[in-house]
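Welcome! Let's take a friendly walk through a protein model, one part at a time. Have the sequence and the 3D view ready.

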Amino acid sequence: MEHRVVVVTGAGGAIGRGIALALARAGASVVVNDVGVSLAGEGGDGSVAERLAQEIKAAGGIATANSDSVSNWDSAQKIIACALDTYGRIDAVVNNAGNLLDRFFHNMTEEEWRCVIDVHLHGTFFVSRAAATHFRAQNNGAYVHMTSTSGLIGNFGQANYSAAKLGIVGLSKSIALDMRKYGVRSNCIAPFAWSRMTDSIPANTPEELQRIEKLKKMDAGKIAPMAVYLASVAASAVTGQIFGVRANEIILFSQPRPIRSVHMSDGWTPELIAEVAIPAMQTNFYELERSPDVVSWDPI
């Protein structure tokens, strides 16, 4: 990562902090971006980013702080401009900024929906788009986006978060296709780690408490090596992929593909679909979703 410049959004949190520190140790110049708000978007403390930037410098690394919001088009442009103004280039973007407003779908408000979509999905697009012009001009660049198994598999009480995180996967795959001819790569990481994003998981039963204790053992710093790799030239042939990182385990997620089809030469009626097509394809969709490949994966 020497002589490369990387923007890390949401760098003040556990996962983002670990990524920023690891990038700096690997030789990158890091733009540490964080607005310093709570998970619900309350407050705002620009010193969060500044303290991390100073910590990186004290350890011999190169960093600058930025507290612009990812959820606004103009401020997202300023994040990338900060890298260009300070270091003269931009080589990679790690879209890690996030928030959380959990609510069961039937109780979720418009504000709770929009707030989470704005930060995760709009924020990922805005920052990525701001960097795209510069990546194209230099015929090189890397995007690392944070998705979640809440989007890939689903989770209770997170319709807004799940929709945003699965949307990021679609965005990443489209970026990978659109930007490949310019030498630009785009990949996703689904992190399994204990952080303030998971600290709100309820623990009211012995089973839930046991799950929380297992999650607490998943160090957020374990996500950083994969992020550094994907941002580096070593990953120049890797694009459009979804990786999971769970403690010392690295996971490659499958891409959605047809698994079974049924053809009726004369066409289908609703009755024939019920009587023939569905039984022929899969009678128990719940069991299909909870196959052995995914049954042990806690959504994070």
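## Where two helices meet

Which residues in α3 meet which residues in α4? On the α3 side they are Trp-73, Ala-76, Gln-77, Ile-79, Ile-80 and Leu-84, and on the α4 side Phe-125, Phe-126, Val-127, Arg-129, Ala-130, Ala-131 and His-134. Contact here means heavy atoms within 4.5 Å. The residues of this contact divide into ten nonpolar, two polar and one charged. In this count Ala, Val, Leu, Ile, Met, Phe, Trp, Tyr, Cys and Pro are nonpolar, Asp, Glu, Lys and Arg are charged, and the others, Gly among them, are polar.

Helix α3 covers residues 73-87 and helix α4 residues 110-138; they pack at an angle of about 45°, and their axes are 8 Å apart. Axes are lines fitted to C-alpha atoms, for helices over the stretch in contact, and angles run from 0 to 180 degrees between N-to-C directions. The two helices, α3 and α4, are therefore oblique to each other. Angles under 35 degrees count as roughly parallel, over 145 as roughly antiparallel, 65 to 115 as roughly perpendicular and the rest as oblique.

## How to read the model

This is a predicted model, in which local features need pLDDT of at least 70 and side-chain atom pairs count only at pLDDT 80 or more, while totals for chains, interfaces and linings use all residues. Residues are numbered from 1 along each chain as its sequence is written, and side-chain values use heavy atoms, with hydrogens and water left out.

Helices (H or I, at least four residues) and strands (E, at least two) are DSSP runs, numbered from the N terminus.

## A sheet of eight strands

In what order do the eight strands of the open sheet stand? The order is β3-β2-β1-β4-β5-β6-β7-β8, with mixed pairing. Two strands pair if DSSP finds at least two bridges between them. At the edges stand β3 (62-66) and β8 (249-252), each with a single partner strand, so one side of each has no neighbour in the sheet. On average, neighbouring strands of this sheet are turned by 20° against each other, direction ignored.

Strand β2 (residues 29-33) runs parallel to β3, and five bridges join them. Val-30 has Ala-63 in β3 as its bridge partner. Helix α3 packs on the sheet, where it touches β1 (5-8), β2, β3 and β4 (92-95), and its direction makes about 145° with that of β3. Helix α8 (residues 224-231) also packs on the sheet, touching β4, β5 (141-146), β6 (184-192), β7 (242-246) and β8. The direction of α8 makes about 175° with that of β6.

## Inside β1 and β2

β1 and β2 pair in the parallel sense over four bridges, and Val-6 stands opposite Val-30 in β2. In a regular strand the side chains alternate between the two faces of the sheet. Both faces of β1 are covered: Val-5 and Val-7 on one side, and Val-6 and Val-8 on the other, are all buried. Buried means under 20% relative accessible area, exposed over 50%, and partly exposed in between (1.4 Å probe, protein chains only).

Is Asn-33 buried or exposed? This residue of strand β2 is buried, at 2% relative accessibility.

Helix α1 (residues 14-25) and α8 pack at an angle of about 55°, with axes 8 Å apart. That makes α1 oblique to α8, and their crossing is right-handed. Gly-18, Ile-19, Ala-22 and Leu-23 of α1 make the contact with Ala-224, Ala-227, Val-228 and Ala-231 of α8. These residues divide into seven nonpolar, one polar and no charged.

## Two residues with positive phi

Most residues other than glycine have a negative phi. His-3, in the segment before β1, has a phi near 70° and is exposed, with a relative accessible area of 69%. Asn-139, in the loop between α4 and β5, has a positive phi of about 55° and is partly exposed at 47% relative accessibility.

Note on methods
A crossing is left-handed if the near helix is turned anticlockwise from the far one by less than a right angle, and right-handed if clockwise.
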